[in-house]
Amino acid sequence: MLRSRVGAIRPMNEFFDLKRVSKPRNMNDVQRRVTYNLAYFSANYAIVFAILLMYSLFTNLLLLFLLIFVTAALYGISLLKGGDLNLGFTKLTTSQLYVGLAVIAIPLGFIASPISTILWLLGASVVTIIGHAAFLDKPIESAFSEEAV
């Protein structure tokens with residue numbers, strides 16, 4: 001699936017073709033353009049979403065740290081395979097490790113404000129992707145191929 005998605009990436013000069021940018025005539029034109037461009041540039045829009053996702057994580061470093069910390073901690077606990085963690089002066093069960101992780105991660109999760117980051121990501125993605133899809137007209141070749149049918 002990833003290979004087919006990478007193969008579907010359209011060239012940048014086609015994605016940023018300023019000669020095809022125009023104001024839609026009406027809502028039917030907007031719908032036609034959005035439908036065509038979402039299908040045609042789907043891999044490019046996935047890249048735009050990924051770039052916005054990286055931007056949102058790098059501007060919210062606490063959330064990025066929290067995601068890395070929780071992932072590493074869960075991986076570390078899974079390496080124990082149900083056994084106890086022996087620190088020499090104490091022995092911790094996997095349940096205690098999970099509870100300790102939750103005690104650290106949940107308050108940090110509230111402070112890191114993941115909800116606002118997700119809402120920003122969704123809003124920025126929708127405005128960017130739908131805006132591009134609505135203002136970029138279909139290529140002339142596709143318009144002629146539709147009329148022939």
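**View 1. Helix α3 crossing helix α7.** In this predicted model, α3 passes α7 in a right-handed crossing. Helix α3 covers residues 27-40, and its axis lies 7 Å from that of α7, at an angle of about 115°. That angle is why α3 counts as roughly perpendicular to α7. From α3, the residues making the contact are Val30, Arg33, Val34, Asn37 and Leu38, and they meet Ile129, Ile130, His132, Ala133, Ala134 and Phe135 of α7. Sorted by class, the contact of α3 with α7 comprises eight nonpolar residues, two polar and one charged.

**View 2. Helix α4 alongside helix α7.** Here we turn to another partner of α7, which itself runs over residues 114-135. The axes of α4 and α7 are 10 Å apart, and the two helices pack at an angle of about 150°. Since angles over 145 degrees count as roughly antiparallel, α4 is roughly antiparallel to α7. The crossing of α4 with α7 is right-handed. On the α4 side, look for Tyr45, Val48, Phe49, Leu52, Leu53, Tyr55 and Ser56. Their counterparts on α7 are Thr117, Trp120, Leu121, Ala124, Ser125, Thr128, Ile129, His132 and Ala133. The contact of α4 with α7 holds 11 nonpolar and five polar residues, with no charged ones.

View 3. Is Ser56 buried or exposed? Its relative accessibility is 3%, so Ser56 counts as buried.

View 4. Our last stop is Ile51, another residue of helix α4. With a relative accessible area of 48%, Ile51 is partly exposed; the cut-off for exposed is over 50%. How far apart in space are Ile51 and Ser125? From C-alpha to C-alpha, Ile51 and Ser125 are 9.8 Å apart, while 74 residues separate them in sequence.

Notes:
Residues numbered from 1 in each chain as written. Predicted model: local features only at pLDDT ≥ 70, side-chain atom pairs only at ≥ 80, totals over all residues. Heavy atoms only, no water. Buried < 20%, exposed > 50% of the residue type's maximum accessible area, 1.4 Å probe, protein only. Axes fitted to C-alpha atoms, helices over the stretch in contact; angles between N-to-C directions. Helix = DSSP H or I, 4+ residues; strand = E, 2+ residues; numbered from the N terminus. Parallel < 35°, antiparallel > 145°, perpendicular 65-115°, else oblique. Left-handed = near helix turned anticlockwise from the far one by under 90°. Contact = heavy atoms within 4.5 Å. Nonpolar A, V, L, I, M, F, W, Y, C, P; charged D, E, K, R; others polar.
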